[in-house]
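Open your viewer and get the selection tool ready. We will go stop by stop, with a note on what to look for at each one.

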Amino acid sequence: MTNNQVSVLGLGAMGRALAAALVKGGVATTVWNRTAGRDGELVAAGAVGAGSVVEAVRGSGVVISVLLDHKSVHETLDPVVAELRGKQLINLTSTTPEESREFAVWAASHGIEFLDGGIMAIPPMIGTQASSILYSGARAVFDEHQGVLELLGAAEFLGEDAGVAALYDFSLLSAMYLMFAGFFHGAAMVGSAGVSAQEFARRAVPWVTAMAQGLPEYARVIDSGDYRAQVQHLEFQKAAFDAIVRASRDAGVATDLVAPVAELIDRQVRNGHGAMAFERTIEELR
Ligand code: FVH
């Protein structure tokens, strides 16, 4: 086994970016993709192109999978499971925590050391200081290859439960997508008055950035479990949010995004929590 050779399976936008960062960092890298012809630039830069999965797996002690989803990883690796025995598998494909745990069990049953990763970056960020990747699963794999993993982005190990990195990944993505969705809603509202999305973005960026500074205080209240409002209680938030819903309707903007939040607030007020802080909303989600 040649443990210092790394194989990257999957040369989509992310796989290509990761493989390029490895090659640039001087790591002996083998690359493979289901559809041929996507390895040209990588091979020109020094990677070894493998003609089959089995060839890619055979050549390396460490295999990094960067495929579409959980199903595609199984479709790719199940047929070569015998070749993977005794090797280390690092899965950077986005999978749910339960899917990551399933891989860990599957890998252990076949004598494969398994590390799962959640990529907190888009392809152009890979290999830059803006990139970070969260890992969980086999600590030994992380420790042995941390130097190589740091070539891809800041590498952080979160624990031996293989699902934890994916749990953080999807939790952070939830926060991101709901923020983007909120931007779309706001842009649609001001758009009803002829304001461009770009003009709205110019104001939204500093506003959202400033408001995000409040998250640690929200977190402190949540962790304390003491939701007695110091400033704006849910009764106040209800009035404010009902007005947002009405303003959206008046602007001809669908309330699909804001109505569920209004309902979460309403429900708490109806159930006697009107004097509590907005942060108590997390109790309705748990
Ligand atoms: N791109 C991004 O911004 C995000 C950032 C966060 C992490 N994600 C996850 O990374 C995984 C790969 O994403 P990607 O951007 O490389 O995705 P694509 O460019 O669409 O490439 C997909 C590759 O998967 C191969 N593939 C698909 N199905 C199969 C299969 N059944 N068997 C073997 N390979 C398969 C596909 O091959 P081909 O279509 O070229 O033959 C591509 O190599 C992903 O989990 C993101 O959620 C990226």
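Select Thr-35 together with the ligand: a polar side-chain atom of Thr-35 lies 2.5 Å from an oxygen atom of the ligand. That is a polar contact, meaning a pair of N or O atoms within 3.5 Å; within protein, one must be able to donate a hydrogen and the other to accept it, and residues adjacent in sequence count only if both atoms are side-chain atoms. Ser-94 is the next pick: one of its polar backbone atoms is 2.9 Å from a ligand oxygen atom. Taken alone, the ligand exposes 900 Å², and the protein buries 76% of that (areas by the Shrake-Rupley method with a 1.4 Å probe; for residues, only the protein chains shown count as cover).

A word on the model before moving on. This is a predicted model, in which local features need pLDDT of at least 70 and side-chain atom pairs count only at pLDDT 80 or more, while totals for chains, interfaces and linings use all residues. Residues are numbered from 1 along each chain as its sequence is written, and side-chain values use heavy atoms, with hydrogens and water left out.

How many residues surround the ligand? There are 22, and the closest are Met-14, Asn-33, Thr-35, Arg-38 and Glu-75. Switch to cartoon view: helix 1 (13-24) and helix 4 (70-77) each supply at least two residues of the shell.

Zoom out to the whole protein, which has 13 helices and 8 strands (DSSP runs numbered from the N terminus: helices are H or I, at least four residues, and strands are E, at least two). Its C-alpha atoms fill a box of roughly 65 × 45 × 30 Å along the principal axes.

Now go to Gln-198, in helix 9 (residues 197-212). Is Gln-198 buried or exposed? Gln-198 counts as exposed because its relative accessible area is 70% (buried is under 20%, exposed over 50%, partly exposed in between, with a 1.4 Å probe and protein chains only).

Last stop: Ala-247 in helix 11 (residues 234-250), which is partly exposed at 32%. Draw a C-alpha to C-alpha distance from Ala-247 to Leu-9 and expect 50 Å.

Technical notes
A residue is near a molecule or strand if one of its heavy atoms lies within 4 Å of it.
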